[in-house]
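Subject: Structure handover

Hello,

My notes follow below it.

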Amino acid sequence: MLDKIIPLADIRYASRLPVIPASVAAPIGLLSDTLGRPLRDLRISVTDRCNFRCSYCMPREVFDKDYAFLPQGSLLSFEEIERLARIFVAHGVEKIRLTGGEPLLRKNLEVLIEKLARLRTPAGAPLDITLTTNASLLAKKAQSLKDAGLQRVTVSLDGLDDATFRRMNDVDFPVGDVLKGIEAAQRAGLAPIKINMVVKRGTNDSEILPMARYFRNTGSVLRFIEYMDVGATNGWRMDEVMPSAQVVALVHDAFPLTAVDANYTGETAERWRYGDGGGEIGVISSVTQAFCSDCNRARLSTEGKLFLCLFAHQGHDLRALLRGSYADEQIAAAVGLIWQSRSDRYSELRAGLPSDDGSVAAGPKRVEMSYIGG
Ligand code: SF4
């Protein structure tokens with residue numbers, strides 16, 4: 001039995017080999033962390049690759065043609081992902097979000113979705129299985145994803161103006177193809193579709209009203225996301241953040257809004273409904289209105305590292321346990337102990353953290369969003 005931490009630093013992010021102390025009773029069933037937050041939502045990155053180079057996530061100058069993406073052999077197989085998902089579900093996970101990089105770049109993703117769609121919560125309920133995509137491949141894949149058991153999709157779309165959108169994805173990808181992907185998802189019944197727009201002041205804030213106008217009365221829920229200091233490569237500055245309060249005020253002036261209660265505890269978006277019945281929008285305000293107090297999300301990197309916060313700098317190497325012939329109970333115990341010791345609340349602490357140049361908080365390199373998914 002392992003009873004000490006063996007630090008394993010690799011080229012990307014430090015990771016620790018989870019502890020499975022013989023002396024400690026293995027935590028089973030539902031878990032709460034040190035702040036009383038349950039484990040409910042598991043985000044699984046199925047690839048660290050993407051066909052876009054959005055500056056706030058995967059800036060081209062860093063993720064260039066020489067960037068060493070993860071070798072295929074280091075990725076978790078679909079069987080390994082399913083095995084881990086089963087363990088997390090036994091610990092309370094009810095929702096699985098597939099992310100990346102761009103998850104639709106992972107071949108035969110439908111096979112994984114079929115496996116996950118067969119899982120049941122301890123109460124026997126099916127899981128809520130969703131996926132976040134840039135929709136560049138969605139027009140082709142929407143129906144097969146639905147047939148495999150995917151229930152919903154979230155599409156990242158940062159503008160309708162083709163020039164602005166091409167500038168933001170930095171690979172000259174036309175907005176029309178993303179809109180076709182959204183329509184295909186609608187036809188396939190992957191609804192309600194959520195649209196995530198990262199708002200970067202001075203870059204695409206002019207797109208806020210055109211996006212609101214376009215998605216009103218469509219049933220899709222448009223969410224405006226504050227530009228975040230994720231990772232260590234996007235050159236984040238506070239003066240490029242447009243606070244959600246200003247976004248809501250701008251939309252409200254054009255289309256009056258009323259605040260709506262959250263759908264469930266831990267929902268990241270603050271909801272606003274159009275007064276005239278035109279649907280709703282959301283704002284995700286990690287910078288100006290932190291929501292760590294009920295954050296119930298864990299993130300699994302594509303090579304099996306467990307991260308407890310989007311802004312973490314260290315993960316826990318579960319792949320080593322999977323490939324180290326540990327039994328499910330032992331891995332479940334390790335996951336339980338990791339979650340129970342969780343105290344992450346970066347967004348709440350951000351403002352008080354020392355920073356090198358008055359913008360990004362100082363300290364160890366934070367994990368890249370393209371590596372563990374948003
Ligand atoms: S900063 Fe970390 S703890 Fe806070 S909401 Fe985001 S992921 Fe959760």
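Predicted model: local features only at pLDDT ≥ 70, side-chain atom pairs only at ≥ 80, totals over all residues.

Residues are numbered from 1 along each chain as its sequence is written, and side-chain values use heavy atoms, without hydrogens and water.

Helix α3

Helices (H or I, at least four residues) and strands (E, at least two) are DSSP runs, numbered from the N terminus. Helix α3 spans residues 138-148, and its buried residues are Leu138, Lys141, Ala142, Leu145 and Ala148. They sit on the same side of α3 because they cover an arc of only 140° around the axis, taken from the directions from the helix axis to the C-beta atoms. Their cover includes α2 (109-117), β5 (128-133), β6 (152-156) and α5 (175-188). Glycine 149 follows α3, with a positive phi near 125°.

Phenylalanine 311

Phenylalanine 311 lies in the loop between β13 (305-307) and β14 (314-317). Phenylalanine 311 is buried, at 8% relative accessible area. Beyond its neighbours within four places in sequence, its contacts (heavy atoms within 4.5 Å) include Met228, Tyr346 and Arg366. The C-alpha atoms of phenylalanine 311 and tyrosine 346 are 6.5 Å apart.

Ligand

13 residues surround the ligand (a heavy atom within 4 Å). The closest are Cys292, Cys295, Cys309, Leu310 and Ser347.

Best regards

How values were computed: Buried < 20%, exposed > 50% of the residue type's maximum accessible area, 1.4 Å probe, protein only.
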